[in-house]
Each structure stands twice: as structure tokens, then as C-alpha cells.
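Here is a briefing on one predicted model. Read it beside the sequence and the coordinates.

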Amino acid sequence: MIVMKFGGSSVESGRAIQRVASIVRDRVSEQPVVVVSAMGKTTDRLVEIARLRASGNERDADRKLAQLREFHLTEAAQLRLGSEAKRLNTGICELFDELAQVLQEIGLAGSVTPLLSDAVLSFGERLSSLIVTAGFRQEGIDAVHLDARSVLITDSAHGQAAPLFFETNALLRRSVSSDRVTVMGGFIGATEEGVTTTLGRGGSDYTAAIVGAALAVDEIQIWTDVDGMLTCDPRVVPNAHCLRSVSYAEAEQMAKAGAKVLHPATVLPAVRQGIPLSIRNSRNPAAAGTRIVLESPCDGAVMSIACRTGVAQVQVVPRNTPVTADFGSEIWEAFHWAGVAFDLIGTSRREISLVVDEASLTADFRERLGALADLEIRERCALLTLVGQNACRNPLNLTRAAQQLRKTPGGAVLAWCSDSRFAFVVSAEAVSGAAETLHEEFFSQPDPEFFVPNRSSAFANSSAVAGDALRRPAFATVSAMAD
């Protein structure tokens, strides 16, 4: 068996669903289980509708809800279901009636509680999985719909629920058909009491990995709108190249550093089972995509540059005392109390330096932290993270990156350096230029053994230099640097 997960852009319209059906039909012999995200931007639209209802703006909320209902009915009509159309339309309208009831509860409460938020957001995947199942049947695929909430059992941590694997695995093994194509929504689950939960934004990838691990499938395929995992975000660097394969560890580091292709937790169930993943393009199914496997294909090389915007650099400076263990524990407690995640740049006797999401620096949090120490906050920053197995053990990589960033407007600060990644903090205004500079330095001549060159690149067909660099032993440049 295989698991095929299709993201929101892959099922954004009736025509897109027909394209997905064609992809799945070609792989029916591999007994696929299909996991789908909400259609297009449905999740964002549901968030906005819930916010309007909570604020008392019932008129705008109802108008946007009607538009979302019409969108789903219109795209479902594009599937040309014939006699099945009435049944699907009834199912869609019933779900929107149920959604209206949840929104009414939000209006009465005057706020979107985590429990109600999960209830609202679940409708995106519940709707898409219903419509996709009908589309598959119309295209001659023997498909059956499975409500993910009946098989993916979680704890009650609404908004970021954790799967209960023992219960989930047993239910999946009993419920997934081996002779029909099972279609289910990603991202959503339910508690043992049947209360709807979500796995967090981007959790459809996690659902695919959970299902794949439970069924011990041969491969988990993540279908999206790019050819695979790229050397950089193509919105930042248009001539980014596609990687042929990366290791689980590299893929996880790329995701954590800001790459949008993969949810960070996705790799964990696959790692435990040793199941390979692949990233594929639903708009270009002939492309080989990127395989995610146990071992990196190239040790000591930079394989990708990830960009993460919307961060701030925070210097925490104690008053009239050096940084001590007791002082550090007070700072960590303040972060824990506020539920603010951070990346530690470093500590010294004078200060603690951190990177946090800018949105987490609320007035209350600043006040609480400011009561403990003086704060120096550099806002509107971005992180550029270079990822590759043992990339930081090759000193030439860090040297090359630092030299290229030397002239970055506003400067570049080395945030951290580990075996598999090193990162720089730059200003938000400089991130695009800095990313392009680094990409030119490391990927101007991609080796076709490791990359699918972007044909728009002037050096797409020149690989000799990059091939030498990629095959260079990790410490081959130490003596040269010493000289």
C-alpha cells in the first residue's frame, strides 16, 4: 500500500480534483490511501468567519459563510456527477448547516475558544474529503469516504492535539479497505469521547505519516504544487533547484527552519517505521520529485537554504549582575508561563540572546520579561538557515556564507551552528537579497546527481565545479584555511 496526501492547492477546484483523480487512478494497483487538505484557502476563510462571529459582526460573517458554501457547491458541480450530484450537494449543505450552528455558539460566547476553533476548522477537510470521494467515483475509481475523526484518536489539547497511537493504529487497521481507495481528511481527529480536535496547521502531512506508519505502507507521498523539496523557496529565489533526495534529518531541519513543503512532525512516524517519503507535484506528476530517506546522499554539503520571516532578536540583559543559572531559570520560566517558543542564539556573562516569533512579543509578555531584565529587541528580522548533513563540520561552508553576507544591509548575525544546520539573523528587508546571494554561492552549478537543475539558471547544465565541491571530504579544506 501507499499513502497519497494532496495539499490544499492540489484540490483547490473541481478541475484540480479531476487532475488528482487521474494521478490516483494510475496508481490504483498500489492500493493507495488518500489524505486531503481543505480546498484552496478554505482554512484561512474559516478562521476569518469565526473571528467575525466572535466580534459580533454577524452580517459579514454570514456573507462570507454564504460565499464559502457557494464556492464548494460550484466546484462540486464542475465534477459533473450526474445522478450523484444531488447526494453530494445534500452532504455539503448538511455540513454547512452544522457549521452555522457552531458559529452561533461562537457568537453567543463572544470568543473563539480552542475547542470551538477546532470544530470550525475541521469543516475544511470534512468538506474536501467528501467532494474528492465523489470526484474519484465519477472518474471510475472505487473510492470510499472515511471520517478521519472516527479513526484518528487524540488527546484533548485543542489546536495541537497529540495522537493516541495505540488506539489510532488499531482503528486504522480495521477501517481502511485494501480493495478500495480510502479517502479521508487530514489535520483532524477526535478525542476518545468524540470531541473534534486538530493536529495544528499543516497537520495533514502528519495525518499521512500516521496512517502510513499504522498500515506499514511502502511509501508516503506528499503531493503539492512544487516539483519537490527545493534549494530555496522559489518565491524568494526563482531559479531554485529540486533536490533528488534528502535524509529524514535534513527534511525535518528544513521544515523547522521555515521550508513550507513539509510539516516538521511528519517525518517522525516515518522514521520509526523506516518508510520513505516523497514530495511530488500534482500539476507535474511526471516529475520525479524528492525522496526522503534514512541517509543523506551527500555528507558535508549545504543542500538547502530555508527562510523564516516574522521573527525578532531579543537580548535579555540582567541588571547589575552577570548571567547566572538562577537568572536563566527565571527567564525560561517567563517564556514557559507565556507559552512563547524561542531559539537560543547564545549566553554570556552579560546577556542571553534569543530569536522569537515577532507575534509572540505581546505587551503583557514584554512587561513580564522587562520586570526581570533590560530588553534590547531588534524587530522585523528574518532567519536564513543553511541545512545539510554535517554541513557545519565543513568549515568552508561557514566561511563562504559569512563572506557573502558581509555586505548585507543591517548586518548578519550568526544565530547558531550545529552539525546539520547553521543560521543567520538578517533584517526582513534584506532577506531576499541575502538568500539570492547565498544561493548563487552554493548552487550556481548544481550537480545533476543530487539536484534537478532549474533550466532557467544560466548554469543549469554546468555541474563540474559543484560536483567537485559536493564530493569534497568534509575536512578537506582545514589545512588550506590554516594556511
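Glycine 258 follows helix H8 and has a positive phi, near 125°. H8 covers residues 248-256. Helices (H or I, at least four residues) and strands (E, at least two) are DSSP runs, numbered from the N terminus. This is a predicted model: local features need pLDDT of at least 70, side-chain atom pairs count only at pLDDT 80 or more, and totals for chains, interfaces and linings use all residues. Residues are numbered from 1 along each chain as its sequence is written, and side-chain values use heavy atoms, with hydrogens and water left out.

- H8 is mostly covered, with seven of its nine residues buried (under 20% relative accessible area; exposed is over 50%, partly exposed in between; 1.4 Å probe, protein chains only).
- Those buried residues are Tyr248, Glu250, Ala251, Glu252, Gln253, Met254 and Ala255.
- Six strands form an open sheet in the order S13-S14-S12-S15-S17-S16, with antiparallel pairing. Two strands pair if DSSP finds at least two bridges between them.
- Strand S13 (342-347) and strand S16 (413-417) stand at the edges with a single partner strand each, so one side of each has no neighbour in the sheet.
- On average, neighbouring strands of this sheet are turned by 35° against each other, direction ignored.
- H8 lies across strand S12 (304-317), S15 and S17, and runs at about 145° to S15. Axes are lines fitted to C-alpha atoms, for helices over the stretch in contact, and angles run from 0 to 180 degrees between N-to-C directions.
- Strand S15 (residues 374-387) and strand S17 (residues 421-427) run antiparallel and are joined by seven bridges.
- Leucine 386 has phenylalanine 422 in S17 as its bridge partner.
- Helix H12 (residues 395-405) also packs on the sheet and touches S15, S16 and S17. The direction of H12 makes about 10° with that of S17.

- Five of the five residues of strand S2 (residues 32-36) are buried, so S2 is largely enclosed by the rest of the structure.
- Both faces of S2 are covered: Pro32, Val34 and Val36 lie on one side, Val33 and Val35 on the other.
- Strand S1 (residues 2-6) pairs with S2 in the parallel sense over five bridges. Phenylalanine 6 stands opposite valine 36 in S2.
- Strand S4 (residues 181-185) runs parallel to S2, and four bridges join them. Valine 35 stands opposite methionine 184 in S4.
- S1, helix H1 (residues 14-25) and S2 make a right-handed β-α-β unit. Right-handed here means that, with the strands pointing away from the viewer, the path from the first strand over the helix to the second runs clockwise.

- The axes of helix H2 (residues 42-54) and helix H5 (residues 114-138) come within 9 Å and cross at roughly 150°.
- The contact (heavy atoms within 4.5 Å) is made by Thr42, Thr43, Leu46, Val47 and Ala50 of H2 and Val120, Leu121, Phe123, Gly124 and Glu125 of H5.
- The axes of H2 and helix H4 (residues 85-109) come within 8 Å and cross at roughly 40°. That makes H2 oblique to H4.
- Leu46, Ile49, Ala50, Arg53 and Ala54 of H2 meet Leu99, Ala100, Leu103, Gln104, Ile106 and Gly107 of H4 in this contact.

- Most residues other than glycine have a negative phi.
- Glutamine 31 is not a glycine, yet has a positive phi of about 55°. Glutamine 31 sits in the loop between H1 and S2 and counts as partly exposed at 31% relative accessibility.
- Phenylalanine 187 also has a positive phi, near 75°. Phenylalanine 187 is in the loop between S4 and strand S5 (188-190) and counts as buried at 3% relative accessibility.

**Asparagine 281**

- Asparagine 281 lies in strand S10 (residues 277-281). Asparagine 281 is buried, with a relative accessible area of 7%.
- Leaving aside neighbours within four places in sequence, asparagine 281 is in contact with Trp223, Thr224, Asp225, Val226 and Asp227.
- The C-alpha atoms of asparagine 281 and alanine 157 are separated by 33 Å, and the two residues are 124 residues apart along the chain.

Note on methods:
Angles under 35 degrees count as roughly parallel, over 145 as roughly antiparallel, 65 to 115 as roughly perpendicular and the rest as oblique.
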